[in-house]
Amino acid sequence: MNSPQAIAESKKEYQVKQTIKTRLESYYLDQTTKNGLSNLKKIKAYMPLELQPLHLRRNVTIAHLDLEPIIEKIAKKQEFIVVSGLNPSSPLHLGHQALFDLLLSLQHLGARVFVPLTNDESLVDGKVDSLAKSRQIARESILPDIVGFGFDVVKTHIFIDSEYPELYNFAMHLSQFVSFNQLRQVFGADSLLTPGQIFYRGVVQMAQILLPQLPEFGGPKATLIPVGIDQHPYILLARDVAKKIGMIPPSELVIRFLPSLLGPEDKMSASKPNTAIYLDDTSQIIRKKISHAYTGAVSALDVYQDLGGVPEICSAFALLNFLHPDDKFVNDIKLRYQHGQITMSELKEITASFICELVERHQLVRQENINNLDNYILTTPLASILHI
Amino acid sequence: MFGWIVQLVRMLVPKTGDIGSSPIPPTMTDYNLIINELKKSLVHRRCFYGETYDTFGITVDSLKYYLFLSLLHQNLARPGVSCESVVIIADVATGINQSSQKFATAISQISQDRLNYCQKLKKYYHLPINFVLMSDFFTANPILQRVESFKKVGRHNPQVIELLSKTVLQNKIKQEIESGFHYGFEEIATGSFFDIKIGPPREQYYDQAAAIISRELRVNQLSSIYLSPTYPLGQDFSYFLTHPEIEEFGLTPYKAGSNQLQDFRIIIGRDNHLAQLFQDTYLTTNPTLPNPILDLLFITDMAQKIKNNDPAFPVYNADIYSDVDSLKRLTLEKTTALLVELNNL
């Protein structure tokens, strides 16, 4: 039996958690409005439920720009492009899993997936001290993990930027269509301090996004870029450049970050081990990390059972919401959580078991494909660039 | 029965308007409210519906308006109260829209064929409405003077011009401006000879312009009823996402070639490949989203009501939306039967 003081504090704690939830939702709503993005209500209303990726069904994706042409491609069972880059400066974690699960769902719906590994970005931003180091991480750690997600080798094209110099030829071509003022507006002066940063941010990123529309890959095609909410300006720049060179402006799908294990207002970060579950963590480490995860339940059990919890801000529940394939299972837990009918130890046990199995399965697939990696690497010469 | 009377439902019954939330569907009581509202406010009940046409033929969607107008007439007509309902086949207006003499000649023949067919419809279904060519209507009524009065007032009113601009396709706007929106003024001047108009939702812009001018000229003001938009059949789930203007206003119901979608419409007298069209039509169970199949069911049920001399409007339970396959099966059966009748007139 809790003291009146403990009860009062727990009730206050509950209000704080509700406030955090409201603050997060307002943030995403404000950013959506501010950036002129559209919510996904209409898309979800029309798209058959069985075709909607989990991320759409569970509001892990929150906004879009010009997604309709992609939906049309899906409806007509025609191919479209998805590009999602990865900065290979540190090991992958479950936040990456969530993103790549989305890419995989999109591939099942008809996408040809391009994954630039931006080791040049790692270098120019000082995350590694040599290209060789970043290539090593990309080759030995990142590439096998990506393949471990289960992509179709025929429809997946991964390239390590510095190992695909064709990319830089295309980037040079695109440099005619981007001004330094535009870059400053999009990225801010602090991100454009060195020639490498200017070149990378200014045109190499554009080249990564627009490369799949070159003649070598079939010409202009509907393209989708899944991004975090803060990356919208990049997409606007890419759309502007695409129009100038006769390509189809890419569409944008905004995805929430998988929250840090330590709380909902930060994301999982590869550079902060306590915030993230890595794809090479052991079961023991995973269970320990989840046991310390931030939750949406108050400390006093009887208050929690009375008021319920706030699953929307719970780092443990987020792992289920972002990654567990069974809607009914996840919704049942959510309801029980909201009504204070599941203890946090039970929730964390369920989550830990699921995540351990997920990571184990991933490591197995990763290992099975370890000798198959080169088949995913893009080496297509871009002869068309030299004749533009 | 969601959305079959759009404008008046908005006046009488609030719609929630949110994607995914169920609207409050009009019931028989609401239809009665609408009829009573019209009866209360109108001494004369001159109802009309006007349509132009193209060369592809008469669509089954035109029947929605003919039949609805007929049911409306039956509900409004009372001994001792003047009630007249007219369908104006706008041969003059259709001719305005094209410039070649060859087309003008073809249009003239089409208008006569259309009128003849409509007379057969009237006879078969004992419709209480009259069909008349616009050119004949112009002869019998002082339309041209009214058009000039409307132009005098409307041309200098930016709000009127903006409203009329919204009725025009973007690729025709230059032509309309050059003509001084003659087509638009003719349309709204014609409407001023009536009390009640039924039409597709896009007519609201004409009617709003008409209301401004009518107030200034102190002539009759229309009450308008807008029926559900006409949607193309045979489309996948992405169609209305990539064609939001069609989601909002639908196609032109009386022009089979509207938006070059004649292959996705039902045209009287041709092989419409109904079964395939229905199969290819994506439907959701969401009642707030377009449902061209339910639209067809409404048309077939109105036809049946009229044949049975039953003046009640068709109504449906909310669960009509919940089983897409059953809805398609039922509507296919009824539409097939209706088309046999229509083709054999």
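Biologist: How many salt bridges does the rule find across the interface of chain A and chain B?
Modeller: Two, in this predicted model.

Biologist: Why is the meeting of A:Lys42 and B:Glu247 called a salt bridge?
Modeller: Their side chains sit at 2.4 Å, N to O. The cut-off is a Lys or Arg side-chain nitrogen within 4 Å of an Asp or Glu carboxyl oxygen, so the pair qualifies.

Biologist: And what else goes on across that interface?
Modeller: The rule also gives four residue pairs in polar contact there. On the side of chain A that touches chain B, H4(A) gives the most, with six residues. That side divides into ten nonpolar, no polar and five charged residues.

Biologist: How much area do chain A and chain B bury between them?
Modeller: About 1,300 Å², 67% of it on carbon and sulfur atoms. In chain A, the residues that lose the most area to chain B are A:Lys42, A:Ala45 and A:Tyr46, together 48% of what that side buries.

Biologist: What classes of residue line the second largest cavity?
Modeller: Twelve nonpolar, one polar and no charged. A:Pro53 and A:Leu56 are among the residues closest to its centre. Leu and Pro count as nonpolar, so both belong to that class.

Conventions:
Residues numbered from 1 in each chain as written. Chains lettered and ligands numbered in written order. Predicted model: local features only at pLDDT ≥ 70, side-chain atom pairs only at ≥ 80, totals over all residues. Heavy atoms only, no water. Buried area = accessible area lost by both parts, 1.4 Å probe. Polar contact = N/O pair within 3.5 Å; in protein donor to acceptor, adjacent residues only side chain to side chain. Helix = DSSP H or I, 4+ residues; strand = E, 2+ residues; numbered from the N terminus. 1 Å grid on protein atoms, 1.4 Å probe; cavity = no way out; pocket = protein on both sides within 12 Å on 5 of 7 lines; lining within 4 Å.
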